[in-house]
Amino acid sequence: MEKRAHFSGWTLPLLLIVPQMAITVIFFYWPASQAIWQSFLREDAFGLSSEFVGFENYVSLFEQPEYYRAMVTTAIFSSLVAFFSLACALLLATQADKNLRGGHAFKTLLIWPYAVAPAIAGVLWIFMFHPTLGTLSRPIKAVGLDWNPMLNGNHAMTLLVLSATWKQISYNFLFFLAGLQAIPKSVIEAAAIDGAGPLRRFWTVIFPLLSPTTFFLLVVNIVYVFFDTFGIIDAVTGGGPAGTTTTLVYKVYADGRLGGDLGGSAAQSVILMIIVIALTAIQFRYVERKVQY
Amino acid sequence: MVENRPFTQFMAYLTLALGIVIVVFPVYLAIMASTFDAATIINGNMPLTPGDQAGENYSRALFYGGVHAREPVGGMMLNSMIMALGIAIGKILISILSAYAVVYFKFPFRKTAFWIIFITLMLPVEVRIYPTYKIVADLGLLDTYTGLIMPLIASATGTLLFRQFFMTIPDELLEASKIDGAGAFRFFKDTLLPLSMTTIAALFVIQFIYGWNQYLWPLLITTKSSMQTIVIGIKKMITTTDALTEWQIAMTTAVLAMLPPVLVVIFMQRLFVKGLVETEK
């Protein structure tokens with residue numbers, strides 16, 4: 001934890017740490033405390049004066065049916081994306097873990113979507129499933145479904161889940177593959193000698209041994225859906241149709257920018273901060289046990 | 001694997017191939033769309049083989065832009081490049097220095113300083129977006145590269161990564177340097193920096209991708225279209241009134257937007273994987 005040898009003096013280390021401290025204080029602590037302070041204020045319509053209103057912003061937030069709807073939307077969106085991207089990635093990783101010829105090429109071909117910006121991923125998928133010109137909309141319409149993500153909330157959500165999952169598979173795949181490769185082969189061989197077939201081996205040996213990776217990825221995926229999917233939502237649906245795809249983060253943006261309700265937006269920010277801190281705390285409790293600093 | 005049955009092998013190949021098709025198809029479609037003219041795409045029967053408009057689309061997108069937002073994509077790519085490089089280099093610079101201070105010096109409030117930096121891990125820029133916007137506006141940094149870059153550097157990932165790496169460097173190295181009469185600056189330059197090169201490169205790759213792909217922050221603080229990044233620019237090309245969207249230019253732009261970060265992942269795969277795994281710990 002501590003180095004045995006050190007340099008002495010304290011002016012030099014302070015100089016070294018000043019740039020990061022300055023940036024952190026100006027662009028992190030100041031705005032974060034502003035957000036907390038603003039959540040207790042109400043501005044008039046012109047932003048000229050503001051008064052302290054205590055928890056009123058929070059109270060009115062929890063009186064809005066839209067806020068609960070955004071919560072439900074976020075919950076549905078994140079559980080679907082987390083489930084599908086973890087399941088697909090695990091399936092692909094178990095296959096890539098078998099000593100196949102050209103295994104490295106498979107890996108390369110599967111990991112690059114990580115580098116695609118969420119907003120671009122959204123644009124790619126909306127082009128593919130565009131109601132009038134999308135290449136894949138034609139077969140859907142041929143089946144008789146009136147596919148239109150611009151007007152139908154469920155269709156819009158499906159499209160978001162698909163594009164968010166598509167982008168996240170590569171990340172999960174990498175971590176699952178690393179997790180699988182860390183499992184000692186002798187354990188699997190022992191199970192095989194005891195007569196366990198591939199499926200049984202997977203569910204009784206490999207999957208439990210992989211659970212730390214799975215848990216870590218679950219938290220990371222939820223944080224991903226909460227924040228990084230903002231670009232996908234803004235590009236694909238803009239929170240619509242009729243607010244059906246407005247998540248908590250998108251609502252912070254929309255209420256503050258489009259609605260001009262800075263107090264309400266700040267109150268939402270504070271609630272989000274609490275959620276993220278809770279998630280990170282859960283993750284660190286687990287990471288502490290595994291990683292040695 | 002334990003068994004090596006041809007059937008399991010075959011299924012593995014099939015699953016992986018299917019996965020790759022799903023992963024590649026949306027991008028393949030975008031590349032194809034960037035080789036057709038508007039009419040072919042609009043009528044909804046775009047062929048899955050390349051057309052002959054690629055030269056026209058790419059040169060128009062790069063140097064002229066769309067009909068509505070007449071902003072050349074070339075300029076947007078330059079903005080994205082400056083932002084991504086600024087974030088990557090800036091973060092490496094400030095975090096390697098602060099990690100050096102925290103690990104190799106004893107000074108008052110060292111623990112406090114570390115925790116002040118560490119806490120920033122917990123809150124992504126999205127949750128404090130408007131107050132940050134206001135501060136950047138008050139500082140007069142709207143529509144500047146500094147305003148684009150600075151708030152995104154305020155995070156602990158780099159500091160933690162370097163700290164973790166410095167802890168693995170044997171104490172004997174510092175003791176030996178001290179015996180040789182090296183001061184703090186010499187030790188940093190001649191010993192620590194050369195040893196940190198792989199870590200620096202890995203962090204660079206991750207931060208470059210992170211910076212290039214930023215969306216919400218540039219969306220808020222760039223009002224001039226000449227300051228737009230490419231990821232914002234493409235969103236503006238897709239208008240809500242469908243008839244006005246020039247899909248061939250939008251898709252050409254999408255391909256151009258994906259190119260730099262994807263090439264980085266493919267050609268620096270080892271560094272990318274290292275960076276990804278280590279920044280997440």
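Predicted model: local features only at pLDDT ≥ 70, side-chain atom pairs only at ≥ 80, totals over all residues.
At what angle do the axes of helix H5 (residues 118–128) of chain A and H1 of chain B cross?

Residues are numbered from 1 along each chain as its sequence is written, while chains are lettered from A and ligands numbered from 1 in the order in which they are written.

Let me begin with chain A. Its secondary structure comprises 12 helices and 2 strands; helices (H or I, at least four residues) and strands (E, at least two) are DSSP runs, numbered from the N terminus. Read from the N terminus, the order is α-β-β-α-α-α-α-α-α-α-α-α-α-α. The C-alpha trace spans about 75 × 75 × 30 Å along its principal axes. Of the 293 residues of chain A, 43% are buried, a term that requires 20 or more other C-beta atoms within 10 Å of the residue's own, with C-beta atoms placed from the backbone.

Next, the two chains together. Contact joins 84 residues of chain B to 85 residues of chain A; two residues are in contact if their C-beta atoms, placed from the backbone, lie within 7 Å. On the chain B side, helix H1 (residues 6–33) gives the most, with 13 residues. By class, that side has 63 nonpolar, 12 polar and 9 charged residues. Here Ala, Val, Leu, Ile, Met, Phe, Trp, Tyr, Cys and Pro count as nonpolar, Asp, Glu, Lys and Arg as charged, and the others, Gly among them, as polar.

I return now to the opening question. The axes of H5(A) and H1(B) cross at roughly 75° and come within 9 Å; axes are lines fitted to C-alpha atoms, for helices over the stretch in contact, and angles run from 0 to 180 degrees between N-to-C directions. The two helices are therefore roughly perpendicular to each other, the word for angles of 65 to 115 degrees. Which residues meet there? From H5(A) come Leu124(A), Trp125(A), Phe127(A) and Met128(A), and from H1(B) come Pro26(B), Val27(B), Leu29(B), Ala30(B) and Ala33(B). This contact has 9 nonpolar residues, no polar and no charged.

Finally, chain B itself is divided into domain 1 (6–63) and domain 2 (73–280), with bounds from an automatic or database domain assignment. Their C-alpha centres lie 31 Å apart. The contact takes 16 residues from domain 1 of chain B and 13 residues from domain 2 of chain B.

How values were computed:
Buried ≥ 20, exposed ≤ 12 C-beta atoms within 10 Å, placed from the backbone. Parallel < 35°, antiparallel > 145°, perpendicular 65-115°, else oblique.
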